[in-house]
Amino acid sequence: MLAGVRVYKENCAVCHGAPEQLRTALSKGMFPSPPQLLEKEDMMTGDPEGETYWKVTHGIRLSGMPGFASTLSDTQRWQVTMLVKYADKIPLTAQAAFGH
């Protein structure tokens with residue numbers, strides 16, 4: 001989970017937010033609005049891991065979601081996938097890594 005937090009903070013938080021942080025201007029200006037993946041109402045914990053991994057790898061067409069196949073390793077993409085999958089169960093040590 002800690003590794004997933006590091007990947008998420010560096011590559012995802014600018015659009016998808018982080019716990020107890022305000023949305024960025026970039027995120028607010030996007031259409032469609034990116035889900036705030038660590039906020040209870042936008043969590044994707046019900047999605048299959050493979051689906052989330054595919055989105056992280058290939059991106060989402062006609063949205064601002066890029067694919068990370070060429071910029072993140074397979075391991076890093078799985079780390080962030082698992083963080084998003086279990087966003088409602090992030091241990092305190094991993095929560096602390098977000099810096100709050």
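Rings of Phe, Tyr and Trp (its six-membered ring) count as a pair if their centres lie within 6.5 Å, and the pair is called stacked when the planes are under 30 degrees apart, edge-to-face when they are over 60, and tilted for the rest. By that rule, a search of the whole structure finds two aromatic pairs. The structure is a predicted model, in which local features need pLDDT of at least 70 and side-chain atom pairs count only at pLDDT 80 or more, while totals for chains, interfaces and linings use all residues. Residues are numbered from 1 along each chain as its sequence is written, and side-chain values use heavy atoms, with hydrogens and water left out.

**Aromatic pairs**

- Y8 and F98 form an edge-to-face pair, with 6.0 Å from centre to centre and 85° between the planes.
- This pair links distant parts of the chain, since Y8 belongs to helix α1 (residues 2-11) and F98 to the segment after α6 (92-96), 90 residues apart; helices here are DSSP runs (H or I, at least four residues), numbered from the N terminus.
- Y8 has a relative accessible area of 0% and is therefore buried, and F98, at 4%, also counts as buried, where buried means under 20% relative accessible area, exposed over 50%, and partly exposed in between (1.4 Å probe, protein chains only).
- The rings of Y53 and W78 have their centres 4.2 Å apart and their planes at 10°, so this pair is stacked.
- Y53 in helix α4 and W78 in helix α5 are 25 residues apart, and their pair links distant parts of the chain.
- Y53 is buried, with a relative accessible area of 14%, whereas W78, at 33%, counts as partly exposed.

- If residues up to four places away in sequence are not counted, L38 touches Y8, G17, A18, P19, M43, A87, I90 and F98, a contact being heavy atoms within 4.5 Å.

**Loops and backbone**

- L72 lies in the loop between α4 and α5, and with a relative accessible area of 8% this residue is buried.
- Leaving aside residues up to four places away in sequence, L72 touches V7, N11 and R77.
- The C-alpha atoms of L72 and T57 are separated by 8.4 Å, although these residues are 15 apart along the chain.
- The peptide bond from F31 to P32 is cis, with omega near 0°, and P32 lies in the loop between α3 (25-28) and α4.
- E20, in the loop between α2 and α3, is a residue other than glycine with a positive phi, near 60°, and at a relative accessible area of 67% E20 is exposed.
- L62, in the loop between α4 and α5, is not a glycine either, yet has a positive phi of about 60°, and at 77% relative accessibility L62 counts as exposed.

Key: Helix = DSSP H or I, 4+ residues; strand = E, 2+ residues; numbered from the N terminus.
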